[in-house]
Amino acid sequence: MDGLTKWRPSRELIPWKPFATGWDPDFEEWIEDFLEPAGTETLGFRRWTPRVESYHKNGSYVIKADLPGVNPKDIHVMVEGDHLILRGERKMNRETKRRDFSRREVFYGAFQRSVPIPRGLKAEAIKAKYHDGVLEITAPIEKTHLPKEVKVDVEKSA
Amino acid sequence: MATLVSWSPMRDRWIWNIDQFFRDLMEPTEFSEEGYCTVPAVESFRHNGSFVVRVDLPGVSPKDVHLTADAGSLTIEGERKRSREIEEGSLLREELCYGPFRRSVEIPNGVKTDQIKARYHDGVLEITAPVGEEHLPKRIEVEIQKS
């Protein structure tokens with residue numbers, strides 16, 4: 001869980017970094033957010049971040065990610081160190097490429113999300129399925145790493 | 001007719017903008033934390049003589065979605081139900097939203113609301129309705145004569 005850095009797409013995109021040294025990163029982020037509010041870029045130049053949910057179930061670890069309108073073959077799941085990485089692209093179809101929009105709030109283009117995975121996860125046994133716009137990833141966890149309940153007798157003080 | 005008020009289009013526009021500004025401030029949007037859960041993202045466009053609305057509704061069962069149309073607007077409402085397999089206390093990360101949602105989308109004049117069709121695929125609800133021909137955008141070529 002250590003060393004988890006917030007992924008800031010604009011750092012990779014903007015070569016000119018006047019605030020790269022000596023500035024509070026939060027301030028830099030604030031400026032970036034101010035200049036580029038999330039979701040204004042729908043043409044695919046900016047990556048979006050899907051929302052996720054994770055939980056333990058019957059000795060397995062489950063991650064669900066909201067990925068509406070994404071073709072399953074455009075989703076890539078990989079394990080890098082102690083993180084699970086979701087990467088892919090929500091592609092526009094032919095009609096969506098038209099310009100005749102009256103309302104446009106849906107994100108298209110590349111997405112990426114990194115989620116820390118618990119210890120003892122059997123990466124080689126990861127399974128993923130896509131249903132109704134939700135990606136569900138399941139992986140078993142070694143028994144020694146499953147959460148245990150420890151009985152503690154609490155004595156009443158006299 | 002008693003009082004003659006001069007027509008000042010900019011003033012009306014200004015008032016409308018302020019009104020809209022406050023309305024936007026009050027209403028949750030897709031980009032706000034509350035809005036992500038209760039106001040799904042939409043896109044709408046015209047395509048081949050039809051008006052199309054698409055709504056991102058991942059993880060929603062189509063039978064939990066209700067569509068209503070009246071003059072000028074289309075309302076999508078429903079509920080995303082939590083899967084029963086999640087035991088209490090087992091959640092590690094919780095960013096997905098469950099519960100009711102509601103969204104209204106303005107529809108242009110001439111949309112035949114009695115012929116609305118909707119289908120749900122890969123977490124996206126697509127609503128299509130034909131637009132009466134007299135309301136379709138027309139292209140009029142104007143010949144410009146040389147002087």
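From the N terminus on, the elements of chain B follow the order α-α-β-β-β-β-β-β-β-β. That is two helices and eight strands; helices (H or I, at least four residues) and strands (E, at least two) are DSSP runs, numbered from the N terminus.

The model is a predicted one, where local features need pLDDT of at least 70, side-chain atom pairs count only at pLDDT 80 or more, and totals for chains, interfaces and linings use all residues. Residues are numbered from 1 along each chain as its sequence is written, and chains are lettered from A and ligands numbered from 1 in the order in which they are written.

Of the 147 residues in chain B, 20% are buried, meaning that 20 or more other C-beta atoms, placed from the backbone, lie within 10 Å of the residue's own.

Let us turn to the interface. Which residues meet there? In total, 27 residues of chain B are in contact with 27 residues of chain A; contact requires C-beta atoms, placed from the backbone, within 7 Å. On the chain B side, β1 (42-47), β2 (50-56) and β5 (91-94) each give two or more residues. The largest share, six residues, comes from β1(B).

Strand β5(B) also pairs with strand β1 (residues 52-57) of chain A, in the antiparallel sense, over three bridges; pairing requires at least two bridges found by DSSP. Here A:S54 stands opposite B:R93.

Finally, confidence. Chain A averages a pLDDT of 78, and 68% of the residues score at least 70; pLDDT is the predictor's confidence in each residue, from 0 to 100. Over residues 10-23 of chain A, the pLDDT is below 50.

Notes. Two residues are in contact if their C-beta atoms, placed from the backbone, lie within 7 Å. A residue is buried if 20 or more other C-beta atoms lie within 10 Å of its own, exposed if 12 or fewer, and partly exposed in between; C-beta atoms are placed from the backbone.
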